[in-house]
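Open the model in your viewer and keep the selection tool at hand. The stops below say what to pick next and what is there.

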Amino acid sequence: MVARLRLLTLPALLVSLLTLVWAPAAWAEQPSSPSSRCNNATLKGTYLYSSVGMLDGKPYAEAGREVYDGKGGVELTYRGTGGATGSMRTTYNVSPDCIGRAVYPYGQTLVSFISPDGSRFAYTITRGPGDRPTVLSGWEIRVDP
């Protein structure tokens with residue numbers, strides 16, 4: 001019985017030892033976390049987007065194009081429900097952890113969660129013009145670098 005127990009525990013012991021030796025090396029080979037990968041240059045090029053949610057407490061949808069210059073400037077062209085249309089310029093800032101923020105001229109505040117390669121991002125807008133109740137969200141996808 002003791003010999004059989006030794007045979008069963010020997011493979012388990014070997015696996016445990018290999019895990020202890022291999023795991024730290026595997027962790028070290030993982031790509032660096034996004035905590036140091038992003039900056040304003042992460043967003044550069046033309047992005048298309050679609051937003052849905054509430055604006056001024058009413059259902060609202062919008063589609064448009066944003067052109068990011070990679071230096072903190074963006075130009076937006078959009079069309080929304082109820083005939084809303086327009087264009088505007090603003091600035092943005094991307095933190096090292098790939099979270100972006102832009103405040104548009106009418107007071108909209110956009111927070112984005114950006115892929116480290118800058119090819120796409122999800123966003124929310126939780127502050128509309130003035131104190132109008134607003135909640136919008138959507139995705140932007142780069143279509144031209």
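A nonpolar core here is a set of buried Ala, Val, Leu, Ile, Met, Phe, Trp, Tyr and Cys residues joined through side-chain atoms within 4.5 Å. Buried means under 20% relative accessible area. Keep in mind that this is a predicted model.

**Stop 1: the core**

Select L43, Y68, Y92, Y104 and F121. The largest nonpolar core has 22 residues, and these five touch the most other members. Now colour by strand. β1, β2, β3 (73-80), β4, β6 (109-114) and β7 (120-127) each supply at least two residues of this core. As background, nonpolar side chains tend to be buried together in soluble globular proteins.

Stay on L43. Which residues does L43 contact, leaving aside its neighbours within four places in sequence? The list is Y68, D69, G70, Y92, V94, I114, G118 and F121. Three of those names, Y68, Y92 and F121, are also among the core residues that touch the most other members.

**Stop 2: the barrel**

Eight of them close into a barrel, in the order β1-β2-β3-β4-β5-β6-β7-β8. The pairing is antiparallel. Neighbouring strands of this sheet are turned by 30° against each other on average, direction ignored.

Next, select β1, residues 44-55. On one side, twelve bridges join β1 to β2 (residues 58-69), and the two run antiparallel. Ten bridges join β1 to β8 (residues 134-144), again antiparallel.

In β8, the partner of V52 is S137.

**Stop 3: the hairpin turn**

Follow β1 into β2. The two strands form a hairpin with two residues between them. Select D56, which lies in the loop between β1 and β2. Is D56 buried, partly exposed or exposed? D56 is partly exposed, because its relative accessible area is 36%, between the 20% and 50% cut-offs.

**Stop 4: the disulfide**

Select C38 and C98. Their sulfur atoms are 1.9 Å apart, and the pair forms a disulfide. A search of the whole structure finds one disulfide. The pair links distant parts of the chain, 60 residues apart. C38 sits in the loop between α1 (2-29) and β1, and C98 in the loop between β4 (85-94) and β5 (99-103).

C38 is at 4% relative accessibility, so C38 counts as buried. C98 is also at 4% and counts as buried.

Finish on the backbone of C98. Its phi is near 70°, a positive value in a residue other than glycine.

Key. Residues are numbered from 1 along each chain as its sequence is written. This is a predicted model: local features need pLDDT of at least 70, side-chain atom pairs count only at pLDDT 80 or more; totals for chains, interfaces and linings use all residues. Side-chain values use heavy atoms; hydrogens and water are left out. Two strands pair if DSSP finds at least two bridges between them. Helices (H or I, at least four residues) and strands (E, at least two) are DSSP runs, numbered from the N terminus. Buried means under 20% relative accessible area, exposed over 50%, partly exposed in between (1.4 Å probe, protein chains only). A disulfide is a pair of cysteine sulfur atoms within 2.5 Å. Contact means heavy atoms within 4.5 Å. Axes are lines fitted to C-alpha atoms, for helices over the stretch in contact, and angles run from 0 to 180 degrees between N-to-C directions.
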